[in-house]
2 protein chains.
Amino acid sequence: MPMPGTAAPGRLQAELIARGVRMTRQRRIILEIIESASKHLDAGAILRKAQAADPGIDRVTVYRTLSLLKRHGLVDELDLLHLGGQSAHFYERRPSRDHIHMACLRCGKIMEFESQLFERLKAQIQRDCQFHIAVTRVEMGGYCAECRRQPL
Amino acid sequence: MPMPGTAAPGRLQAELIARGVRMTRQRRIILEIIESASKHLDAGAILRKAQAADPGIDRVTVYRTLSLLKRHGLVDELDLLHLGGQSAHFYERRPSRDHIHMACLRCGKIMEFESQLFERLKAQIQRDCQFHIAVTRVEMGGYCAECRRQPL
DNA sequence: ATGCTTGTTGCAAGCGGATTTCATTTGGAG
DNA sequence: CTCCAAATGAAATCCGCTTGCAACAAGCAT
């Protein structure tokens, strides 16, 4: 049973420590937020959640931690097609298997989809183009089932 | 034979006129730049080219024209994975057939790739998720054949 | 435990892409 | 030609993000 107030060291934290990255109080908070997020968060949302846990945390630290995680390939950065004119980026823990993001242009809902076909597509690209894929970003905008059912 | 100095009305221009959009001198210039671009341009590059043709053109007009084209689904907006820390967006005339963008993380080259597999993937999504796809954005970062051949 | 070294943090200032506001101009229908 | 809704340009502004720097702390060696 984990002690109250003591977060179980998440995978992100373990991964960073294994790579010799110094672990600070602020980083632990930010990593925990990203690990336990139920939806895609942008830097501003991560900052707000982090400040709820520790009001002293600065947005610079959030940006630097996100940059660190990107450099280590532990998070993916998304635009989600700038839904609603947003220009901020969204972040998610890099999944073991790539997935496609579908953004409903009407209700704003984000859906994810994994497909064997996508894995085959990547394999085709690596073979036919001699291109070694390091990171993928697949975003599709459109209209979800619910929205298509409703009158305009 | 087209008259010198008289650009043949491009497809973008014809498309906009057909939709009842007012055609101005500035828009004609910007549309022509996008149509004849040999590589992906960002708003700043479009502005510079436009000002070479007409120094009075303001960046606001470029942004508004790009926004208009996006609204009409005539151009696609890309991030190209913010290569080199760039935060600007790139634009291309919407192709008749979607394609995948590959960005080399070392030399910055952008490659494009069309695939029947991608068409099948889209069909699968529309069927399995009941999601009507309006726009796609597929960007992959990695290392191109030339860069992989060279020593680090 | 203690001290040291180096990476990290917070604050303030700054950067750059994109947008808003509003007075002026202009396309193009009648 | 006239007219007016739509488009433009100029300045100011917004907003996400980055940089410079002094103070601080992680974690290794002792």
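**Strands of chain A**

Select strand E1 (residues 41-42) and strand E3 (residues 90-93) of chain A in this predicted model. The two strands run antiparallel and are joined by two bridges. At this pairing, A:Asp42 stands opposite A:Phe90 in E3(A).

Next, show strand E6 (residues 132-143) of chain A together with E6(B), which run antiparallel and are joined by eleven bridges. A:Gly141 stands opposite B:Val135 in E6(B).

Now widen the selection to the whole contact, where 32 residues of chain B meet 32 residues of chain A. On the chain B side, at least two residues each come from strand E4 (100-104), strand E5 (110-113), helix H5 (116-128), strand E6 (132-143) and helix H6 (145-149). E6(B) has the largest share, with twelve residues. Colour this side of chain B by class to find 20 nonpolar, seven polar and five charged residues.

**Around DNA strand D**

Finally, select DNA strand D and the 25 residues around it. Which of them come nearest? They are A:Met23, A:Ala43, B:Thr24, B:Asp58 and B:Thr61.

Helix H3 (43-53) and helix H4 (59-71) of chain A, and helix H2 (25-35) and helix H4 (59-71) of chain B, each supply at least two residues of this surface. H4(A) gives the most, four residues. By class, the surface near DNA strand D holds eight nonpolar, nine polar and eight charged residues.

Terms used. Residues numbered from 1 in each chain as written. Chains lettered and ligands numbered in written order. Predicted model: local features only at pLDDT ≥ 70, side-chain atom pairs only at ≥ 80, totals over all residues. Near = placed C-beta within 6 Å. Nonpolar A, V, L, I, M, F, W, Y, C, P; charged D, E, K, R; others polar. Pairing = 2+ DSSP bridges. Contact = placed C-beta atoms within 7 Å.
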